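Let's take a walk through this protein chain together. Keep the sequence and the 3D view side by side as you read.

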Amino acid sequence: MKVKWETLPEIQARQKMTVEMTANSGGIDAFFSSLHVEKKRFWKAGWYHPLNKFLADASLTSPDFDWNDFTPGARAGVTQPDGSISALAAFVDANVFFYRKDLFGPKGLTPPRTLADLEPLVKKLHAPPATYASCCAAQERQTATQYPSILFRWAAPT
C-alpha cells in the first residue's frame with residue numbers, strides 16, 4: 001500500500017474535503033473528521049464507511065484492539081443515529097467545571113457530576129444581571145467545540 005499523507009490548515013482541509021467528496025473524485029480514501037462539526041453532514045452525505053463489520057469480526061482487526069477500550073462518551077461520539085460507527089476516536093476533549101464556592105455554599109449546592117445535574121443548578125443560580133450561572137470558552141470558534149456537548153444533551157435526536 002502506498003500512502004500520500006497531506007496536512008492542511010483546518011479551514012482549508014474542510015473546504016478541500018467537501019469539494020473532493022462532493023465531486024466523488026476518488027482522491028481521498030481516509031481522512032480525519034472533526035465529528036463535532038461534520039458528523040451528521042458527512043454521515044447524511046454517505047461519506048463515512050461504517051466500521052461495524054470490522055469491529056465485529058476479530059479477523060479484520062488487530063488482536064490487541066478492543067472497542068471497549070474507548071470510553072462510552074468516545075464510542076457514542078463516533079456512533080450515528082442508525083448505530084453505524086463512523087470513526088475511531090483519535091482524542092476526546094475534556095471539559096472542566098469551575099464553580100464559585102461563595103455562590104454554591106450559601107444555597108447548599110454541590111458541583112454537578114453530569115450534564116443532567118447541571119440544568120437544575122443553572123436554574124437555581126442564574127440571576128442576571130448580577131450573576132450568570134453558566135458560561136463556556138468564548139473566543140471566536142472555541143465555543144463551537146464546547147456548546148454542542150451541552151446543547152445536544154437536551155436536543156431531541158433527528
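The protein chain exposes about 12100 Å² of surface, and 58% of that comes from carbon and sulfur atoms. Areas like this are worked out by the Shrake-Rupley method with a 1.4 Å probe, and for residues only the protein chains shown count as cover. What you're looking at is a predicted model, where local features need pLDDT of at least 70 and side-chain atom pairs count only at pLDDT 80 or more, while totals for chains, interfaces and linings use all residues. Residues are numbered from 1 along each chain as its sequence is written, and side-chain values use heavy atoms, with hydrogens and water left out.

Now for the overall build.

Trp-5 sits in the segment before α1 (10-22), and it counts as exposed because its relative accessibility is 72%. Together with Met-1 and Val-3, Trp-5 makes a nonpolar surface patch of about 530 Å². To be in a patch, a residue needs over 30% relative accessible area and no salt bridge; like charges are joined within 9 Å, and nonpolar side chains (Val, Leu, Ile, Met, Phe, Trp, Tyr) within 5 Å. A salt bridge, in turn, is a side-chain nitrogen of Lys or Arg within 4 Å of a carboxyl oxygen of Asp or Glu.

Next, look at the loop between α1 and α2 (35-45), where you'll find Asn-24. Asn-24 isn't a glycine, yet it has a positive phi of about 55°. With 66% relative accessibility, Asn-24 counts as exposed.

Is Thr-131 buried or exposed? Thr-131 counts as buried because its relative accessibility is 18%. Setting aside neighbours within four places in sequence, Thr-131 touches Leu-103, Leu-125 and His-126. Pro-129 is in the loop between α6 and α7 too, and a cis peptide bond, with omega about 5°, joins Pro-128 to Pro-129.

Terms used:
Helix = DSSP H or I, 4+ residues; strand = E, 2+ residues; numbered from the N terminus. Buried < 20%, exposed > 50% of the residue type's maximum accessible area, 1.4 Å probe, protein only. Contact = heavy atoms within 4.5 Å.
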